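I opened this entry to keep track of what I looked up. My notes follow the order in which I checked things.

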Amino acid sequence: MAWPGPIPSSRLRLASVYLAVIGVILYGAGYGLFGLLMRANWTAVQREVETLAGTLHDSLKPLLPPEARPSPQLARVLPGLCLVGEPCPSPPSLLPRHAVSITDPERFYVRLLDRRGVLIAHSPGSPGDAPRAKVARPDTVWSVVTGQGGERFLQYAIHLHRSHTPAHQGAKPTELDWGYLQIGRSLRGLETERERLWWATQTIVVLALLVAALASWWLSGLAMRPLLAAYRQQEQFTADAAHELRAPVANLLAVVEAHSTQAPADQPATREMLGVVHRQGQRLNRLISDLLLLARLDAPEAAGPSEPCSLVQIARDLIEETGEAAAAAGLDQQLVGGEQDITVQGTESDLYRLVSNLLLNAIQYTPSGGEVVLSLRRERGQAVLEVQDSGIGINPVDQQRVFDRFFRSDPGRSRRQGGTGLGLSIVAAIVRRHRGEIFVASKPGSGSVFTVRLPMSG
């Protein structure tokens, strides 16, 4: 589909706005989901470390020596740990690395400190035996420390207690503050998972943005279709208006030019030319008046005063006013259903114009000897007005455009009778203004029926 004028750039801007809004939402949702997943993983790691620290504490409490210092007794309790100040060879197998074999030495380390925070034992390769290793204070519960090779650990510290049984019989055992237990868990797996989740989130968001870009372009096209229709209607209206105005203006110029070549004494020719000028001027005046009326009806803020209006009275007045035109055309015109008063809320002058245009349109397109019937009735809380003629009818294709501006099913006939091509357009605009509906039913050669439904007042 070709998009004329400024519409392509407007569509691009609208699609860009759609995409920007969707992009912000997608990135916000993706970043929030990423944060929730990482928070859940971090919480799981903390729980794992807390559980392991509690298990180690309960296992070591009854076995600890009286004093928190490097000693053979401490070495016997913890054969897998290295005492400070003594050699710390790597164990030959995985089994004896820790006395309490519940920690994975590839991911965890254990450190023991006395009550002053002085290191007394540690796992091989823990941050405590690395030069310039960043180790947190012993009273810091949670911390992130850096070990050998820059590997990061989540470290958890708790007070380590020693069970003490008094010498005299019957006394309750007590717990003495022995020092600190620090256990660290490697964050290598968590950081790998973080990077994987990050790139997965970015990939999903980018793919979603590509889909959103296509959807934005499609949605902007849907949103611009009414504007495109209005733009094309405006173009057609401009072309039709120029065409309609060109004919009477050209006639006026031709008459003026012809009059300039006539002799001053040729009075009959002068009167005839002035009559042509007058008729063309009247046609121009009617066309301009109809255009101004359509502009007023299309403006939402330009509605006239609303009041209860009797459709029956309007119909009776117009049947009388158009009776002369119907008689001149050799037509029989009648009103059906005018016994009951039918009142609608609206602008009386506009409703007069509505009924008048429908009657004049029927008279214009009905041959001599035909009939025009205006009928009124109530139906389910609506006022129904119908104008039926026995005229030339309308082709099915033309019925879709009969309310378009400047459209004529028989252009030559309408122009010969002085029509502007705006009568039914004005009728449709008035019906819309009064929140009603209009329909046409017609067969070529069998006449037409125009039906108007308007909400009744009260």
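**Entry 1: the whole protein.** I noted that this is a predicted model. I counted 10 helices and 13 strands. The protein has 458 residues, and 39% of them count as buried. I looked up the accessible surface next: about 25700 Å². Carbon and sulfur atoms hold 57% of that surface. Then I checked contacts with a separation of 6 or more; residues 24 or more positions apart account for 69% of them.

**Entry 2: H5 against H7.** How do the axes of H5 and H7 cross? I took helix H5 as residues 311-321 and helix H7 as residues 348-364. Their axes come within 10 Å and cross at roughly 45 degrees. That angle makes H5 oblique to H7, since an angle between 35 and 65 degrees is neither roughly parallel nor roughly perpendicular. I logged the crossing of H5 past H7 as right-handed.

I then listed the residues that make the contact. H5 supplies Gln-313, Ile-314, Asp-317, Leu-318 and Ile-319. H7 supplies Glu-348, Leu-351, Tyr-352, Val-355, Ser-356 and Leu-359. Sorted by class, the contact has 7 nonpolar, 2 polar and 2 charged residues.

**Entry 3: H10.** Which residues of H10 are buried? I found Leu-424, Ser-425, Ile-426, Val-427, Ala-428, Ala-429, Ile-430 and Val-431. Arg-435 follows the helix, and its phi is positive, near 60 degrees.

**Entry 4: Gly-421.** I stayed by H10 and looked at the loop that links helix H9 (411-416) to H10; Gly-421 sits there. Is Gly-421 buried or exposed? Its relative accessible area is 14%, so Gly-421 counts as buried.

**Entry 5: Gln-148.** Gln-148 lies in the loop between strand E4 (142-146) and strand E5 (152-164). Its relative accessibility is 45%, so I put Gln-148 down as partly exposed. From Gln-148 I went to Ser-126, which is 22 residues away along the chain. I read 7.8 Å between the C-alpha atoms of Gln-148 and Ser-126.

Note on methods:
Residues numbered from 1 in each chain as written. Predicted model: local features only at pLDDT ≥ 70, side-chain atom pairs only at ≥ 80, totals over all residues. Heavy atoms only, no water. Axes fitted to C-alpha atoms, helices over the stretch in contact; angles between N-to-C directions. Helix = DSSP H or I, 4+ residues; strand = E, 2+ residues; numbered from the N terminus. Parallel < 35°, antiparallel > 145°, perpendicular 65-115°, else oblique. Left-handed = near helix turned anticlockwise from the far one by under 90°. Contact = heavy atoms within 4.5 Å. Nonpolar A, V, L, I, M, F, W, Y, C, P; charged D, E, K, R; others polar. Buried < 20%, exposed > 50% of the residue type's maximum accessible area, 1.4 Å probe, protein only. Areas by Shrake-Rupley, 256 points an atom, 1.4 Å probe, with all protein chains shown as cover.
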